[in-house]
Structure formats: structure tokens, C-alpha cells
Amino acid sequence: MSARLIAHQILKQQHTKKTEVFLRAQLLPSADELAGSFMQELRTAMTYRNPVAGRFVRPAGTQPPFEQRLIRYRAKATDAEFISFSHDATKLLEAKMGGEPLATGGYVVFAEYDHLEESYLLVAVLSTKAQPSFDEKLNLISSITLDFEHLRFAGRVRYAGVATNEDGVVHFVSRRTEELSDYFRDFLGCEPVTDSTAQGRQLFTALSTYADKQGMKREDKESMMQQTYSYWHDCRKADRPMTLTGLANFL
């Protein structure tokens, strides 16, 4: 599933502005079972967090730094360019973290993958957690693992929508607290359009109103609403935005 995969690390403690970055020089193996399991965990964690649909902010027609670097990589789309892009993007994120005293570091993962005939880039910041385990002598120890359960920062870009910057080209998770600015969203250079749950509610309300005005029979209305729910569910499962054209074809 994953075409390219790489990870870097940013070290930073809360209440400081000092950062340190460690950049990996080569791609990680992406075709083995371990990489497949990792990608599945990462995609599941992001979907579970109900990402917000967005698009890139382009004031006066300019492109944000992250998007500029992404487009530069996509012009050649080689392994070397992907590594270079991930290095530049990690340094952009490091700068954003450095300007936020309460931010903490983590592992910065860049994964390019195909899903249902669409190509995506996923960027996520993973932290670690300690959990009980046993060693080879059956001693109880603290085992350090990646914390997918509490994923706080992630962004997914659908390549086909970048050029036109259509709604939903970016989906992101950025868990901002009152004390912490939304620096990850600033790093991506995107703005929210609407989250999938709100989008679904708006669609159901509009269709229900339409059915009532058209005097549809109860069973016909229920059938239409059930098919709409199936379309909404399939869109969320497939990591793609809902569109009126798509709904019309589905119905």
C-alpha cells in the first residue's frame, strides 16, 4: 500500500523554545508486513480522530511553504526528491514548534500511498507511551511503543486535488488546546472547510427538506436517506470527500 515511507525526529520539551532535529537519510522499507501494519495503524488512527476537511490557504495567489515544497517534489517524484521534501518539511515543522513554548516534539512520519486508485501523502507526528510488558526472563518491564491511540497531529493530502485546491484536498487532525496554538495547521498552510460529520448533517437536512417539498412517499424518502448514509459511510471509509456528483451517481 505504501509507495514511500520515511520518519524523522524532533526533540523538544515543553516550556522551552529549544529544538533539535534528527533526519533520516534513506527511505524506510515500505513493502514488508511491518510497514503494512504500521500504515494500517496510522490510517486507522487518523480516521478514528474524524479529520477536518480543508484546503490550502493561498493569499493573493501565493502558495504556503509546505505546498510549495510538495509541488516541487511532485514535479520529479523520485525517491531522492521525496527524501529532500521530507527534510525541508520537517525543518518547517521544527520552526513552528520552536515558536510554541508548550509544544512537544515527536517522530515525524511521511508516507506516500495509493488507496482506491487515488494517491495520497500522509504526514503525522507520533509520540511514544510506556506500557507494561515482559522481557525474555518474564520480568515485568516498561515497554516503549508508538502511541497511535492519542494521535494529535496528522495531515493527509490527496494529490489529484492539489492543482485546483478543491475543498477536501487536505484532511487534518490538529488537537489545539486553549494554551497551545494551532501550529500544525499553520505548518500545513491549510484552512478548514467543514468536518465530515457536519458535512453529513448538512446533506441529510437538505435531502430531508427536498423530499418533504417533493411530497415523496415515506418508503421512497427512507430509501434515499439510507442510500445517502451508505455513500457518506463509504466516503469516510475510502478517505475521500463527498460531492454532489458522487452522490448522484451513487443514488
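Predicted model: local features only at pLDDT ≥ 70, side-chain atom pairs only at ≥ 80, totals over all residues.

User: What makes Tyr120 buried?

Analyst: The cut-off is under 20% relative accessible area. Tyr120 comes in at 2%, so the label buried applies. Tyr113 sits at 0%, so it counts as buried too.

User: Why is the pair of Tyr113 and Tyr120 called stacked?

Analyst: Two values decide that. Their centres are 5.4 Å apart, and a pair needs centres within 6.5 Å. The planes are 20 degrees apart, and under 30 degrees counts as stacked, so stacked is the word.

User: How many aromatic pairs does that rule give?

Analyst: The count comes to eleven. One of them is Phe82 with Phe85, at 6.4 Å centre to centre and with 55 degrees between the planes.

User: Why is the Phe82 and Phe85 pair called tilted?

Analyst: The 6.4 Å is within the 6.5 Å limit, so they pair.

User: Where do Phe82 and Phe85 sit in the chain?

Analyst: Both are in helix α3 (residues 79-98), three residues apart, which means about one helical turn between them. Phe82 is buried at 0%, and Phe85 is buried at 2%. Ring pairs also link them into a cluster with Phe66, Tyr73, Phe110, Phe153, Tyr183, Phe184 and Phe187.

User: How do you know that Arg74 lies over the face of Tyr159?

Analyst: Arg74 is 3.8 Å from the ring centre, and the distance limit is 6 Å.

How values were computed:
Residues numbered from 1 in each chain as written. Heavy atoms only, no water. Phe/Tyr/Trp six-rings, centres within 6.5 Å; stacked < 30°, edge-to-face > 60°. Helix = DSSP H or I, 4+ residues; strand = E, 2+ residues; numbered from the N terminus. Buried < 20%, exposed > 50% of the residue type's maximum accessible area, 1.4 Å probe, protein only. Lys NZ or Arg CZ within 6 Å of the ring centre and 35° of its normal.
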